[in-house]
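The following questions and answers work through one protein model step by step. The sequence and structure are shown first.

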Amino acid sequence: VLDGTSLQLHDALYFELGYTRAVVEGGWKYIALRYPEWAHTMSFDERKRRLDEFNGKRRALGRRALTDDPLRPFSHVSLVPGGLAAGRVESQYPAYHDSDQLYDLEADPGEQRNLAESADKETILVRMRALLREAPFPEPLLRMDD
């Protein structure tokens, strides 16, 4: 590699962050965002309590609240409405909150066009989902099934 020759060390790269797992292979990236089932039915009062607690800690450190809206989507790393995703991250990645994301990294290195719903990419999506299910992650904390 140091002398300019190519060396392929792996077929796929796997990533995990919070409630997100991803795989990159052959110029494609698939991201699966999966919250625990109970998060989908969290009450308004619980969402508000979590957000108020999060914002209280930020304000105690002299930081501003990212949002005061308990109905904002969760971030990838926390079950706090808005969490650390409010604003900048969401504006950089239009499909940030989509549960399934598929990107052609050669045509779209900035991950701006989610192709997961594109009928002509279904075969690629199925293959990438299968790769992710076979990933060498430790005991799953999340259900990655569809």
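This is a predicted model: local features need pLDDT of at least 70, side-chain atom pairs count only at pLDDT 80 or more; totals for chains, interfaces and linings use all residues.

Q: Does Thr67 count as buried or exposed?
A: A residue is classed as buried when its relative accessible area is under 20%. Thr67 has a relative accessibility of 12%, and therefore it counts as buried.

Q: Which residues is Thr67 in contact with, leaving aside its neighbours within four places in sequence?
A: With neighbours within four places in sequence set aside, its contacts are Leu51, Asn55, Arg72, Pro81 and Gly82.

Q: What pattern do the helices and strands follow along the sequence?
A: The protein contains 4 helices and 4 strands. Read along the sequence, they give the pattern β-β-β-α-α-α-β-α.

Q: What is the order of the strands in the open sheet?
A: The open sheet has 4 strands, and their pairing is antiparallel. Strand 1 and strand 4 each have a single partner strand, so they stand at the edges, and one side of each is left without a neighbour in the sheet. Neighbouring strands are turned by 15° against each other on average, direction ignored. The order is 1-2-3-4.

Q: How many bridges join strand 2 and strand 3?
A: Strand 2 also pairs with strand 1 (residues 13–17), antiparallel and through 5 bridges. With strand 3 (residues 28–33), strand 2 again pairs in the antiparallel sense. In this second pairing, Arg21 has Ala32 as its bridge partner. The number of bridges between strand 2 and strand 3 is 6.

Q: Which residue of strand 2 is the bridge partner of Tyr14?
A: Strand 1 and strand 2 run antiparallel. Within this pair, Glu16 stands opposite Arg21. For Tyr14, the bridge partner is Val23.

Q: Which residue takes a positive phi in the hairpin of strand 2 and strand 3?
A: In the hairpin of strand 1 and strand 2, with 2 residues between the strands, Gly18 has a positive phi near 60°. The hairpin of strand 2 and strand 3 has 2 residues between the strands, and its positive phi, near 55°, belongs to Gly26.

Q: How many of the 6 residues of strand 2 are buried?
A: Across the 146 residues of the protein, 39% count as buried. Strand 2 (residues 20–25) is mostly covered, and its buried residues number 5 of 6.

Q: Is Ser99 buried or partly exposed?
A: Ser99 lies in the loop between helix 3 (88–92) and strand 4 (100–104). Buried means under 20% relative accessible area and exposed means over 50%. At 37%, Ser99 lies in between, and is therefore partly exposed.

Q: What distance separates the C-alpha atoms of Ser99 and Tyr35?
A: Leaving aside neighbours within four places in sequence, Ser99 is in contact with Ile31, Ala32, Leu33 and Arg34. Tyr35 is 64 residues from Ser99 along the chain, and their C-alpha atoms are separated by 9.0 Å.

How values were computed:
Residues are numbered from 1 along each chain as its sequence is written. Side-chain values use heavy atoms; hydrogens and water are left out. Buried means under 20% relative accessible area, exposed over 50%, partly exposed in between (1.4 Å probe, protein chains only). Two strands pair if DSSP finds at least two bridges between them. Contact means heavy atoms within 4.5 Å. Axes are lines fitted to C-alpha atoms, for helices over the stretch in contact, and angles run from 0 to 180 degrees between N-to-C directions.
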